[in-house]
Amino acid sequence: MSKIKKIIHDNEEKYIRFLAKLVAFDTSVIRHGEDGQEAKAQEWLAKYLENLGCEIEMFEPDNEKLKEYPGYNAGHSYVNRPNLIATYKGSGGGKTLVLNGHVDTMPSGDLARWKYNPWEMTEEDGKLYGLGTDDMKGGLASAILALQTVIESGYQPRGNIIIQSVVDEEGGGNGSLSCIVERGCNADGVIIAEGTNMEVFPVNRGCWLGEIQVDGKPIHASLKGFGESAIEKMVKIMYSLDELEKKWMTTKRNPLLAPPTFNYGYIQGGVAASTVADHCILKFEVDYFPSEIDKFGCWHKVDKQDVRQEVEDHILAMAKGDPWMKDHLPKITWFQDCSPFETDTSHPLVQQLADVAEEVTGKRVINGMSAGCDARHFTNVAHVPTVVCGPGICHNAHVYNEYLSKQQYFEAIETFANMIMEWTN
């Protein structure tokens, strides 16, 4: 048994208690990140990391400094919502590694639908139940405990090890953006510890969140033929977007990612069952590749503005063929931009982490991430090689009875500890 593995084995109960303590803090975002309650958890983590010998920085994100950067989400308050950056100094001459995780969670939702209290981590059949265990307090805890394990092993890193515990990832990622813009990111590699089933993700899809508004012509339902239903017009738009999605599936490819998709997440319209609907609103998400092999077999980068324009052009072209909508065109607005990220699979950060993960888990998988995450800020703004790798799976995120595999939690600690020693040597 390696020294790292033995330290983890001897401290399993202690490491479980650490995660349970972190889960016990209610750090759920409010109104999709417009506000939050991360401060107490951040203060506790700061003291813990300071006791490990880290230099501590805590600061509230500054909207004025962030607003000019791509991916910024406006209208969020950061009073009592500090970021935490903890730096463990190396002896010099080695590469610096950032381990990033978000401390905020989604809201709990209906407590009656939870098997256990979401803020009292409960172990059952090798599963650690609790809000945030999977997304992503388990990953954040793994990163911190990996640093602790390395320190206790007596290993002296040459490069710096930086732990970032950020706020407001669930609201769009201003926390990580703030770390880059306000404190800089002088690193040679970044690992985002989101749940990937301990696979290595050097790429993810980007997404646009948009809204479509359609006007109709209201009239009594018994005279429907004399009116124009905005709801029925919206259904027509949705069917048209489904056709665009099918076209993309047959003409665009990225070997690491699921195909581009549309999701219709919210629809509202009309005033009563007895009245032809005078309006309808649809909120949707379109997911797209950062780069793709097109229908001609050519590999190229994807411009997110081109994606948005293609969607708009498709909707308006269909609408102009409708007798009503051609004179009452749909109104299309875009309210959130979650750009993709991509690190070349041949980069040493990707290959080295895949090797280390294989040593611990027995599998070596380099794959792509369908959901968005904070990695985009590090590649697109800081221009630092970044990968996503951590314990948990996306299927267990944003759900009732969220849980994390206990075995994978310990595997993540061991993987991150070994990677710290490999990378910073």
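**Cysteines first, then rings and charges**

Modeller: Let's start with Cys207, which is buried, its relative accessible area being 8%. Bear in mind that this is a predicted model. The closest cysteine sulfur to that of Cys207 belongs to Cys338, and at 4.4 Å the two are too far apart for a bond. A disulfide is a covalent link between the sulfurs of two cysteines, and the cut-off here is 2.5 Å between the sulfur atoms. Cys185 is another buried cysteine, at 17% relative accessible area. For Cys185 the closest cysteine sulfur is that of Cys179, but 8.6 Å is too far for a bond. Across the whole structure, the disulfide count is zero.

On to the rings. Trp208, Trp248, Phe262, Phe284 and Trp334 come together as one aromatic cluster. The total is 12 aromatic pairs. One of them is Trp44 with Tyr48, a tilted pair with 6.0 Å from centre to centre and 45° between the planes. Those two residues both sit in helix 3 (residues 39-51), and because they are four residues apart, about one helical turn separates them.

The charged end of Lys95 is placed over the ring of Trp423, 3.5 Å from the ring's centre. Lys127 lies over the face of Tyr403, and here the distance to the ring centre is 4.7 Å.

Now the charge pairs. Side chains of opposite charge can pair up when their charged atoms come close. The model has 21 salt bridges. In one of them, Glu414 meets Lys5 with an N to O distance of 3.0 Å. That pair ties together distant parts of the chain, since Glu414 belongs to helix 11 (residues 406-424) and Lys5 to helix 1 (residues 3-10), 409 residues apart. Glu414 counts as buried at 9% relative accessibility, whereas Lys5 counts as partly exposed at 33%.

Glu57 and Arg183 make a salt bridge too, with 2.9 Å between the closest N and O atoms. This pair also links distant parts of the chain: Glu57 is in strand 1 (residues 55-59), Arg183 is in helix 6 (residues 174-183), and they are 126 residues apart. Both ends are partly exposed, with a relative accessible area of 34% for Glu57 and 38% for Arg183.

Then there's Lys224 with Glu232, a salt bridge whose closest N and O atoms are 2.6 Å apart. Lys224 is partly exposed at 45% relative accessible area, and Glu232 is partly exposed at 44%. There is a network as well: Glu228, Lys233, Lys236 and Asp322 are joined by salt bridges that share partners.

Last stop is the surface. Ile231, Val235 and Tyr239 make a nonpolar surface patch of about 270 Å². Ile231 is part of helix 7 (residues 230-251). Why does Ile231 count as partly exposed? Its relative accessibility is 33%, and the partly exposed class runs between the buried limit of 20% and the exposed limit of 50%.

How values were computed. Residues numbered from 1 in each chain as written. Predicted model: local features only at pLDDT ≥ 70, side-chain atom pairs only at ≥ 80, totals over all residues. Heavy atoms only, no water. Patch = residues over 30% accessible without salt bridge, like charges linked within 9 Å, V, L, I, M, F, W, Y side chains within 5 Å. Areas by Shrake-Rupley, 256 points an atom, 1.4 Å probe, with all protein chains shown as cover. Salt bridge = Lys/Arg side-chain N within 4 Å of Asp/Glu carboxyl O. Buried < 20%, exposed > 50% of the residue type's maximum accessible area, 1.4 Å probe, protein only. Phe/Tyr/Trp six-rings, centres within 6.5 Å; stacked < 30°, edge-to-face > 60°. Lys NZ or Arg CZ within 6 Å of the ring centre and 35° of its normal.
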